[in-house]
Amino acid sequence: MTDPFQSEESVALRDAVRSLLTRRSGPEAVRAAMASPLGYDDKLWSTLCEQIGVAALAIPEHYGGAGAGLAEACVVLEELGRTLTPAPMLGSAVLCGEALLRTGNDEACERLLPGIAAGTTLAALAWSDEDWSPGLTASETGLDGHAHYVLDGDLADVLLAVARTSEGLGLFEVPLDGVRRERVTTLDPTRRLAVVDFAATPARRLDADGFDLRKLRDTAVVAVAAEQVGAAARALELTVEYTKQRRQFGRAIGSFQALKHRMADVHVHVEAARSALYAALVDGDAEAVTTAKVVCGEAFSHAAAEMIQLHGGIAITWEHDAHLFFKRAHGTALLFGDPASALGS
C-alpha cells in the first residue's frame with residue numbers, strides 16, 4: 001500500500017503545521033481558545049490559512065484552492081488532533097468544501113469556495129437529527145426541522161443544509177436570518193456544536209439531481225479518523241514521557257513490566273489505527289471507511305483511558321491535558337453516528 005502521508009509534500013506540510021502549533025497552540029493557548037467567544041483562536045486560524053493554506057488543500061485551484069486532496073487535509077487534521085487545537089478545519093474547510101464540490105454547481109462553488117479556501121468565510125453544514133439521520137425536510141414553503149451537532153453552526157457566515165425532498169436528498173444554501181441558531185454544551189470543550197432550527201425557512205437548492213450524503217459522511221469520517229490518530233499518538237507520547245519521570249520504589253514507573261505491556265498495547269492500537277486510516281484514504285470504499293471509524297475511535301479511546309490511568313491523580317485535574325484527550329476521544333467516537341447506521345435517501 002502506498003503511504004499517502006509520506007510524500008515529500010506531505011512531510012513538508014506536516015512539519016510546517018507542527019512547528020506552528022508547537023509555538024502557538026500549547027496547553028494554555030488551547031484553554032484560552034476554548035474559553036474565547038469564538039471557541040478557537042482566530043489569529044492562529046488566519047496564520048494557518050494565510051501562511052500554510054490549510055483550508056485550501058482539498059479545494060480545486062480554479063475555486064481558489066490548492067488542488068491537493070483529502071490526504072493532505074488529513075495531514076493537517078492529524079496535527080490539529082495532536083494538540084487538540086480548536087479550529088474550523090473539519091466543519092468549514094473539509095465538510096462544507098466537499099459538500100459544495102459534490103453539487104457540481106459552478107456558480108455556487110465560484111461564489112463560496114474562495115472564501116472558505118482562504119479561511120475568511122466560516123461555513124457550517126446542517127443535516128442531522130439526534131440519531132444522525134437526515135433531520136430536515138424541504139417543501140414548497142421552505143425547510144423545516146431541527147439540525148443537531150452542527151459544527152460551528154452558531155458562528156457560520158454561510159449555512160448549508162441537507163434536507164429530504166420528494167425526490168431524495170438535496171443540498172440547500174440557507175439565509176442566516178431565516179433560522180435560529182444556538183450553541184450547545186458539549187462533552188468535548190474543544191469542539192463547538194450548535195442546534196439550528198428551521199421553520200418554513202426559504203432556501204436555495206444547489207444540487208441538480210440529488211445529493212449523496214453517504215459519500216459526504218464518508219469524507220467526514222475519514223477526516224475525524226485522522227484527528228483521532230494524531231491525538232491517540234500524542235496521548236501515548238505524553239504517557240510514556242510521564243512514566244519515565246515519575247518514580248516509585250526508587251525507579252521510574254515506566255520500567256515496571258506491567259506498565260510497559262500496557263503502553264505497548266496502546267502503541268499496537270495506534271499503529272493499527274494509522275493503517276486503517278491509510279486504507280480508507282487509498283481505497284475509499286465504504287468498508288474501509290467504516291473500519292477506519294471503528295478502529296481509530298477505539299484506539300483513541302484506549303490511549304486516552306490509559307493516559308488517565310497511568311498519570312494517576314493528576315490526570316483528573318483541570319490543569320493537566322489528560323481529561324481533554326479523554327473527552328475528545330469520546331466526543332469523536334460519537335461524531336457522525338454509528339458507522340452501520342442508514343442515512344436514508
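Which hand does the crossing of α7 and α9 have, left or right? The views below come from a predicted model.

**View 1. Helices α7 and α9 cross with a left hand.** Helix α7 spans residues 213-245. Helix α9 covers residues 286-311. The two pack at an angle of about 25 degrees, and their axes are 8 Å apart. Angles under 35 degrees count as roughly parallel, so α7 and α9 are roughly parallel to each other. The contact of α7 with α9 includes 18 nonpolar residues. Four polar and four charged residues complete it.

**View 2. Helices α4 and α5 pack against each other.** Helix α4 comprises residues 70-83, and helix α5 comprises residues 89-103. Their angle is about 175 degrees, with 12 Å between the axes. The cut-off for roughly antiparallel is over 145 degrees, and α4 and α5 are therefore roughly antiparallel to each other. From α4, the contact uses L70, A73, V76, L77 and L80. From α5, M89, L90 and V94 take part. By class, this contact has eight nonpolar residues, with no polar and no charged ones.

**View 3. The largest nonpolar core holds 73 residues.** Within this core, L48, M89, L125, L277 and F336 touch the most other members. Helix α7 gives the most to the core, with 10 residues. M89 also belongs to the contact of α4 with α5. In soluble globular proteins, nonpolar side chains tend to be buried together.

**View 4. L125 and its contacts.** Leaving aside residues up to four places away in sequence, L125 touches L95, C96, V150, L160, A161, V162, L171 and L216.

**View 5. K244 is an exposed residue of helix α7.** Its relative accessible area is 61%. Exposed means over 50%, so K244 falls in that class. The C-alpha atoms of K244 and S255 are separated by 7.7 Å. Along the chain, K244 and S255 are 11 residues apart.

**View 6. A333 sits in helix α10.** Helix α10 runs over residues 322-334. A333 is partly exposed, with a relative accessible area of 35%. A333 touches Q228 and K293, not counting residues up to four places away in sequence. A333 and S301 are 32 residues apart along the chain, and their C-alpha atoms are separated by 8.0 Å.

Conventions
Residues numbered from 1 in each chain as written. Predicted model: local features only at pLDDT ≥ 70, side-chain atom pairs only at ≥ 80, totals over all residues. Heavy atoms only, no water. Axes fitted to C-alpha atoms, helices over the stretch in contact; angles between N-to-C directions. Helix = DSSP H or I, 4+ residues; strand = E, 2+ residues; numbered from the N terminus. Parallel < 35°, antiparallel > 145°, perpendicular 65-115°, else oblique. Contact = heavy atoms within 4.5 Å. Nonpolar A, V, L, I, M, F, W, Y, C, P; charged D, E, K, R; others polar. Core = buried A, V, L, I, M, F, W, Y, C linked by side-chain atoms within 4.5 Å. Buried < 20%, exposed > 50% of the residue type's maximum accessible area, 1.4 Å probe, protein only. Left-handed = near helix turned anticlockwise from the far one by under 90°.
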